Amino acid sequence: MPDKQDNIPPKNDWRFRLHEVIYESNTRAGKAFDVGLLIAIFTSIIVVMLDSVQSIHGHYGKLFHVLEWIYSGLFTIEYILRLISIRKPWNYVFSPLGLIDLLALIPSYLSIFFAGAQSLLVFRALRLLRVFRIFKLGHFLTEVNFLKQALKGSVRKISVFLLTVLTLVVILGSIMYLVEKRENGFSNIPESIYWAIVTITTVGYGDISPVTPMGKFVASVVMLIGYAIIAVPTGIITHDLALARRNSKQELPESCPNCSREGHDSDAEYCKYCGSPLYV
């Protein structure tokens, strides 16, 4: 069986140096790269937003088009460099940050075949989440991990809750269809269910409203149920958030040079995903 040390690239290896610059922010070159990347992402989003304003597009449309492709080219090169600087690029491709990076690139090339697809370039804003890692705002990332664990732990409870609410709005919408007359806007059961959803979520568009006394009574019941329902998912997530905080561990900010994944324990010497040594 090969020793795990065989997987360690020498520190003068070009792939290791490239990984340190692109994936890490604890060196001067790495921080400069990441700050420059954030500036490029931010300015590219501004260009996309300004290009959507018709009056500005009329004067600077060609310039914006050129800038969008310059940014797209730079981000494509950056994405390729991320792939070649790690030993298991597919792990990066299917990681959350890797999917976000790919999602930010796709609209550029979709716009060649579908007009208007470039407006989806605002997905690049998701890449600004890197600011938390770059400027050592690790405590913010810790809170994000708490929330992620809480949502993951409460997904079954929330699913049961949503199924119950769905059943409730179907029943209440059907009752309202029977109580109200067609000329009052409740022309069919799906339309009545739409009213029940809008009412129970306390949105209340007002495009459909009951007229009969019995209909108003049912509407009042739906409104009260809506206020009671709001507290249920809040309590579920709060409980799981407290459990996640209680079971949390301090994590390292560095990423694995082999698979680029993060989230290792503070005392970890090897990547818990691929087993490669960590440079800490």
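F113 sits in the loop between α5 and α6 (131-134), in what is a predicted model. Helices here are DSSP runs of H or I with at least four residues, strands are runs of E with at least two, and both are numbered from the N terminus. With a relative accessible area of 66%, F113 is exposed. That word has set limits: buried means under 20% relative accessible area, exposed over 50%, and partly exposed in between, using a 1.4 Å probe and protein chains only.

Together with W69, I106, Y109, L110, I112 and F114, F113 makes a nonpolar surface patch of about 710 Å². Helix α5 (residues 96-110) gives the most to this patch, with three residues. Patches are made of residues with over 30% relative accessible area and no salt bridge, where nonpolar side chains (Val, Leu, Ile, Met, Phe, Trp, Tyr) are joined within 5 Å and like charges within 9 Å. The areas themselves come from the Shrake-Rupley method with a 1.4 Å probe, and for residues only the protein chains shown count as cover.

A word on how to read the model: residues are numbered from 1 along each chain as its sequence is written, and side-chain values use heavy atoms, without hydrogens or water. Local features need pLDDT of at least 70 and side-chain atom pairs count only at pLDDT 80 or more, while totals for chains, interfaces and linings use all residues.

Stepping back to the whole chain, you will find ten helices and zero strands. Of the 280 residues in the protein chain, 35% are buried.

Two of the helices make a crossing worth a look. The axes of α8 (residues 155-179) and α9 (residues 189-200) come within 8 Å and cross at roughly 120°. The axes are lines fitted to C-alpha atoms over the stretch in contact, and angles run from 0 to 180 degrees between N-to-C directions. The two helices are therefore oblique to each other; angles under 35 degrees count as roughly parallel, over 145 as roughly antiparallel, 65 to 115 as roughly perpendicular, and the rest as oblique. The crossing of α8 and α9 is right-handed, a term for a near helix turned clockwise from the far one by less than a right angle.

Helix α9 also holds P190, which is exposed at 57% relative accessible area. Phi of T202 is near 60°, a positive value in a residue other than glycine, and T202 is partly exposed at 38% relative accessibility.

Now for the charged side chains. The structure holds one salt bridge, meaning a side-chain nitrogen of Lys or Arg within 4 Å of a carboxyl oxygen of Asp or Glu. E78 pairs with R82, with the closest N and O atoms 2.5 Å apart. Being four residues apart in helix α3 (residues 54-84), E78 and R82 are separated by about one helical turn. E78 is buried at 5% relative accessibility, and R82 is buried at 1%.

Finally, V48 lies in helix α2 (residues 28-51) and is buried, with a relative accessible area of 8%. The table sets out two pairs that are separated along the chain, with their C-alpha distances.

| Pair | Separation in sequence | C-alpha to C-alpha distance |
|---|---|---|
| P190 and S174 | 16 residues | 8.4 Å |
| V48 and L121 | 73 residues | 7.0 Å |
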